[in-house]
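Biologist: I am new to this one. Please show me the model, then let me ask about the terms.

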Amino acid sequence: MKKKKGVNYLDMIPKKNSAFTCDKTANLVTLHMAHTGLFHRLTQKFAHRPAVSYIELDEYGSFLWLQIDGKKSVEQLALALEKRFGARVNPLYKRLIHYLQLLHNNKFIRWIKKYWREVLFMRILENIEPKAVFAFFEDLCNIPHGSGN
């Protein structure tokens, strides 16, 4: 029996769904969710449901929504939350991933998986000195070390 691979959310990048608009007032964000489609139109007409729902995000959710740009990974978003709110967001990763899963399940965001080589390269660069990076590329390109020509 094969084991399912778990998803490493830290290497995932959330991207906002362009179908939703939002308003920013002070530090809070309100998302606008338009109800379209046949079923929604019927419920609007017969059950007097609104054509647009307004979802008000709290301080943490608003900050996170404004940080999501389709380029920052979940790990980078977590660091930004921790820098801004400190210990108030603990347990940080559990709460953040759960919140992002809720946004994804309700189609407010979609996931972009980082290209694995990019992830590996970025992790390597974060942990080594610049001289070692240059030496790595010199070795990779077969350039002799310290050549003056």
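**Strands and helices, term by term**

Modeller: Strand 2 and strand 3 form a hairpin with two residues between them, and Ala26 in the turn has a positive phi of about 55°. This is a predicted model, where local features need pLDDT of at least 70, side-chain atom pairs count only at pLDDT 80 or more, and totals for chains, interfaces and linings use all residues. Residues are numbered from 1 along each chain as its sequence is written, and side-chain values use heavy atoms, with hydrogens and water left out.

Biologist: What makes strand 2 and strand 3 a pair?

Modeller: Pairing takes at least two bridges found by DSSP. Strand 2 (residues 21-25) and strand 3 (residues 28-34) have five bridges, in the antiparallel sense. Thr25 has Leu28 in strand 3 as its bridge partner.

Biologist: How do you know that strand 3 pairs with strand 4?

Modeller: Again by bridges: five join strand 3 to strand 4 (residues 52-56), and the two run antiparallel. Glu56 in strand 4 is the bridge partner of Thr30.

Biologist: Why are helix 3 and helix 4 called oblique?

Modeller: Angles run from 0 to 180 degrees between N-to-C directions of axes fitted to C-alpha atoms, over the stretch in contact. Under 35 degrees is roughly parallel, over 145 roughly antiparallel, 65 to 115 roughly perpendicular, and the rest oblique. The axes of helix 3 (residues 74-85) and helix 4 (residues 92-105) cross at roughly 120°. The two helices are therefore oblique to each other.

Biologist: Which residues of helix 3 and helix 4 meet?

Modeller: Contact means heavy atoms within 4.5 Å. Among those meeting are Leu77 and Leu81 in helix 3, and Leu96 and Leu100 in helix 4.

Notes:
Helices (H or I, at least four residues) and strands (E, at least two) are DSSP runs, numbered from the N terminus.
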